[in-house]
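Open the model in your viewer and keep the selection tool at hand.

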Amino acid sequence: MTGSSGTNRVIRERACSCRMWWLSRMVMVMLDEAVLGDPARLVAVQRARHALPAQPIPLNGIARLAARLLNAPMATVTLVGRDEEFFVGTYGLPHALAADGRAPITYSVCAYVVAQDHPVSCGDMLHDDSAALRDHLLVTEYGVQAFLGVPVRDAADRLVGSMTVLDTAARLWTDGQLAALLEIAELLRPPAPVEASTQVATLDSAALLDSVQEAFLAVDPDGVVVGFNRAAQDLLGFTAAQVCGGHLDGSLLPDYDGQPIGAALARLFAAGPSRPVLRQVSMRHHDGHRLTVQTSLSVVRGSAGALACVFLTDLSQQVAAEDRADRDGSFLAALLDSLSVGVIACDDTGQVVVVNRVLRELQGLPAAAPLPVDYPASVDGMLHDIAMRPLSWEQTPLMRALRGEHIDGVDVLTTMPCDQVRTFATAAQPMIADDGRLLGAVAVAHELTAMRRAERFRACHLAVEAALRAADTETDAAPGVLQAVGTTLGWPCAELFLIDEASGRLRSVGHWDVSGHDADGFFGHTPILGAGITGRVWQSGRAMWVADIADSPYLTTVYEQTKAQAWLSRGIRTVLAVPVRDGDTLLGVLTCYAGAQEIHEELLTVLLDGVAAQIGVYVALRRAEQLARQLVRAHDDFIALVGHEMRTPLTSIAANATMLDEDSDGTDDDRRQMLRSVARNTAVLQKLVDKLLDLAGLDSGHLRLNVERVDLAVIVTDAVAAARHTAADVGVLLRTDLPPQLQVDGDASRLRQVVVDLLSNAVQYSPSGAQVQIGLRADDGTAELCITDTGIGTLADERDRVFDRFFRGSNVRHQGIIGSGLGLSLARAIVALHSGTIRLTDNQPSGTVVRVRLPLHEPPTLPEA
């Protein structure tokens, strides 16, 4: 190895030789493949790619210096391989050319320098005699027109590349410019290696750094990158050529806690820490995205000065995982808080770790505040089972699930101060990891207060209905009805007031108290119209809700304040009173009292309105039944009175008229006609009285049927025979379609009475020349008698009313046909007593069809002898 002075002498000699060669001959543009592909040279190039960027001299700065000294717009330090060139220092090169830090050899003019191992230049490539220069890609694609390049060698004097300046305008390169470029190129030669005794032979620091798996870069005090290994290239996407020689802010743009990197480096170099300093830093990747890395910073000092050595550990996946965890946690928290159900979870130790918005609001906890350290103590006394027995924390579904149970649909009741009892259907289960470890437990609570209350409301309505059905009077029904209401609502007492029909006053007809006593005279008072809650509802006819009687704007008078104090002394806080109605008629007031301040006004009002409606219907029916019984009794009394009081004189009148008629031989015709009229009308009255008495007797049960096995065909035949004479007188023809016999169970005389009355009506309402059809048949266990006429018929909306007593159709009345309106009433009563039916239908085009249906009862089969 030569010494330092010898080396410098060799360099000067070579530079002088290059200048003389360049001045003495024409530039020959050619590529020597043997030179470019020399293996030893290529190995030197590869080592130089790592060694040159690690030099203290910034290569981009060298290129900038060359361009300025030679007054050129572009300069580059290039290492030339066989097929491509590598840019290790650039200034002003087009971005598209130098962006990847390398270019195909077809874009290189530096290859000419390496191939000839001498300076190469061209002042006007566009007009050069060589086609290779005229058509060069630098000319056609990037507008380069002139260049000057000199060789670059490594420490062992091997040719590795070129220092080249380029211009987009034609120019003449001078001897001084060549000399300057040669001097600059010599600056790129690495120092000669030290003796083997002081350093391991052939130790390549760049290769050593490339062998390190952790990303590394070296930075001088000015923030210029002087070292950048392969792992750093893989991590950050930049090549060493793109980073080395440039400032950190020109490529990596680190974010050091939001501070300028220069200030941070100054503090680092000033402190000179003896141990690596760890910092989390964000750096820019080559594709533009930010990359989070963990940096280990240390300062080393050598003959070239101090350097900051930075080892980088990729934290992007960790940060991304943390971000995902944060996002997932935020998403999960938002999801849980958006649910309408309550969610609570604990870890494997039973510590509560999650309580969502619904349960926080229920317990009165702030939305974002930490959970109580002793969470079980915070809910002590709040939780109950379905029977309102307190639940200890260990009995809760969450803790049962932690012990391995799977809970589904268990009702848990909650009680909070100034709040109603609320019901939650709760499901819970343990959380098990894939490897079988117990992670904790989770419980979900769905509020079913309204549903459970609706179920209780339904049960309440059924209980009220049962109590009303079992009672004969309103007073008897009141205790059971009020108990059902109070039990459903969980309210301590209730009272029912009804308006007295005689006095018109509102009076209490019953009450219920959960304690079972009324020692303080709380119940039974007489309300005052328009005063107090019950009195106000009585006056207005509208429901009244007082949520808190201790602070109510409605209770203002002395009387109302006195009542309010009495309620408060009983522990009453809420009062709800609703009107009891039958349609638009106010019948009374239902008043209920709650021991806690209630909030569901509409729901409770709907329930009590429904109960009040049930009571209203019951009271109206009871009063209607009483009125109906009174009317029936008066009606029966009237009929009995009329019948008995008229029968005796009518009998006497009829007997005397008969005797006078028999002794009328010496009487003139007028007198005889008068006697016959008296006898005839007396007979009509007797028939009317008989029908009235028959109806009264049949309805009351005083007259009983003489039921036996009879032939209905014979009964109809006899009735038709009796009616033929009357029918013939008015010109009506009777036609029959009867079976030989038809056996039924019945009273023969009463059934004949029905047939006779129906035939009489058919004949009476048929015009002369008409026909009346009488048919009898057995069908599906029933005997059906059908009498069809073509008379005036019955209006459709009056067919049901014609069976009422004394009712006669409007068309009958308008035609002046006489009658009592009792025939069909009596017929229906007799048919009904035979368990049969009678109805009228229309006969087209005119007339009426009467159908009587009677059950067939076969006689029992006698055992054979």
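This is a predicted model. Begin by selecting strand β18, residues 493-499, together with β19: the two pair in the antiparallel sense over 7 bridges. Within this pair, Cys-493 stands opposite Asp-513 in β19.

Now widen the selection to the whole sheet. It is open, has 5 strands in the order β19-β18-β22-β21-β20, and its pairing is antiparallel. Which strands stand at the edges? They are β19 (506-513) and β20 (544-546); each has a single partner strand, so one side of each is left without a neighbour in the sheet. From one strand to the next, the twist averages 15°.

Next, select helix α4 (residues 59-69) and helix α9 (residues 175-187). Their axes come within 10 Å and cross at roughly 170°, which makes α4 roughly antiparallel to α9. To see the contact, show the side chains of Ile-62, Leu-65, Ala-66 and Leu-69 on α4, and of Leu-181, Ile-184 and Leu-187 on α9. By class, this contact has 7 nonpolar residues, no polar and no charged ones.

For the last stop, select helix α26 (residues 748-764) and helix α28 (residues 823-833). They pack at an angle of about 145°, with axes 9 Å apart, and their crossing is left-handed. On the α26 side the contact is made by Arg-750, Gln-753, Val-754, Asp-757, Leu-758 and Asn-761. On the α28 side, pick Gly-823, Leu-824, Leu-826, Ala-827, Ile-830 and Val-831. Coloured by class, the contact of α26 with α28 has 7 nonpolar, 3 polar and 2 charged residues.

Conventions:
Residues numbered from 1 in each chain as written. Predicted model: local features only at pLDDT ≥ 70, side-chain atom pairs only at ≥ 80, totals over all residues. Heavy atoms only, no water. Axes fitted to C-alpha atoms, helices over the stretch in contact; angles between N-to-C directions. Helix = DSSP H or I, 4+ residues; strand = E, 2+ residues; numbered from the N terminus. Left-handed = near helix turned anticlockwise from the far one by under 90°. Contact = heavy atoms within 4.5 Å. Nonpolar A, V, L, I, M, F, W, Y, C, P; charged D, E, K, R; others polar. Pairing = 2+ DSSP bridges. Parallel < 35°, antiparallel > 145°, perpendicular 65-115°, else oblique.
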